[in-house]
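Biologist: I have a chain on my screen and would like to talk it through. Can you take my questions one at a time?

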Amino acid sequence: MSDTVNAQNKQGRNNGAVVFMCLSFVIGMTAMSYAAVPLYRIFCQMTGYNGTTQRVDQASSVILDRKMRVTFDANVASGLYWDFKPVQREVNPRIGETIQVNFVAENKSNETQRGQAVFNVTPGEAGGYFNKIQCFCFTETDLKPGQKLEMPVVFYIDPDITKAVESKDIHTITLSYTFYPKEGPEPVASNEGRAQKVEKKL
């Protein structure tokens with residue numbers, strides 16, 4: 001009888017250990033899935049991978065004679081009733097030259113709405129050389145009903161773009177933004193510089 005009880009106790013301990021390991025695995029995988037997104041973003045920001053631009057604190061000390069055509073793409077995701085567009089469709093700065101461009105957003109709804117812009121650069125190889133000093137995409141934007149806001153982007157293109165094998169022949173860069181509701185799901189700007197438009201594109 002005691003052997004049977006001992007066997008049952010041992011089996012119970014084994015089952016408990018299995019359950020504990022399974023729960024630990026599930027909790028660990030859940031934590032990793034939540035951590036994956038911010039870690040991936042940090043990786044992209046550090047390397048320029050997937051067209052992610054760089055954030056810097058100061059301008060370039062080197063300016064080349066060669067120019068680079070930069071075009072702009074502006075989109076608004078579903079649920080955010082804004083008009084959003086660049087003031088200029090394109091610029092042609094010298095590589096290394098710090099330049100400011102402006103975008104305009106206008107709230108067409110009858111309530112205050114909060115949004116934040118995601119961004120992408122194409123071709124993707126240029127992302128690591130597109131340096132932003134100032135950008136409205138760094139923070140959230142609140143617009144009151146009918147409010148219109150002009151928002152700056154200050155950037156330069158790293159002169160090293162002309163040295164790397166994968167980027168030296170690039171002559172045009174597209175900077176694409178999509179504004180999405182802060183409370184809603186976040187869309188990802190496409191690698192073709194055209195985020196999917198669920199709302200009207202201007």
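Modeller: Let's start with a term: a disulfide here is a pair of cysteine sulfur atoms within 2.5 Å. Before we go on, this is a predicted model, where local features need pLDDT of at least 70, side-chain atom pairs count only at pLDDT 80 or more, and totals for chains, interfaces and linings use all residues. Residues are numbered from 1 along each chain as its sequence is written, and side-chain values use heavy atoms, with hydrogens and water left out.

Biologist: Which cysteine does cysteine 135 join in a disulfide?

Modeller: Searching the whole structure turns up 1 disulfide. Its S to S distance is 2.4 Å, and the partner of cysteine 135 is cysteine 137.

Biologist: What is the handedness of that disulfide?

Modeller: Both cysteine 135 and cysteine 137 are buried, where buried means under 20% relative accessible area, exposed over 50% and partly exposed in between (1.4 Å probe, protein chains only). The torsion about their S-S bond is about 130°, so the disulfide is right-handed.

Biologist: How many strands does the chain have?

Modeller: Helices (H or I, at least four residues) and strands (E, at least two) are DSSP runs, numbered from the N terminus. Reading from that end, the elements go α-β-β-β-β-β-β-β-β-β-β. That is 1 helix, and the number of strands is 10.

Biologist: Which residue is the bridge partner of phenylalanine 72 in S10?

Modeller: S2 and S10 run parallel where they pair, over 8 bridges. In S10, phenylalanine 72 has as its bridge partner leucine 175.

Biologist: What is the geometry of the aromatic pair of phenylalanine 72 and phenylalanine 103?

Modeller: Rings of Phe, Tyr and Trp (its six-membered ring) pair if their centres lie within 6.5 Å; planes under 30 degrees apart are stacked, over 60 edge-to-face and the rest tilted. The whole structure has 11 aromatic pairs. In this one the centres are 5.7 Å apart and the planes make 85°, which is edge-to-face.

Biologist: How many residues apart are phenylalanine 72 and phenylalanine 103?

Modeller: Phenylalanine 72 and phenylalanine 103 are both buried. Phenylalanine 72 is in strand S2 (residues 69-76) and phenylalanine 103 in strand S5, so to speak distant parts of the chain, and the separation is 31 residues.

Biologist: Is phenylalanine 119 buried or partly exposed?

Modeller: Phenylalanine 119 is found in strand S6. The charged end of lysine 132 sits over its ring, 3.6 Å from the centre; the cut-offs for that are NZ of Lys or CZ of Arg within 6 Å of the ring centre and within 35 degrees of the ring normal. With a relative accessibility of 22%, phenylalanine 119 is partly exposed.

Biologist: What is the relative accessible area of isoleucine 95?

Modeller: Isoleucine 95 is in the loop between strand S4 (90-91) and strand S5 (99-107). Beyond four places in sequence, its contacts (heavy atoms within 4.5 Å) include Val62, Leu64, Met68, Ile157 and Pro159. Isoleucine 95 is buried, and its relative accessible area is 0%.

Biologist: Which residue does a cis peptide bond join to threonine 122?

Modeller: Most peptide bonds are trans. Here omega is about 0°, and the residue joined to threonine 122 is proline 123.

Definitions and conventions
Pairing = 2+ DSSP bridges.
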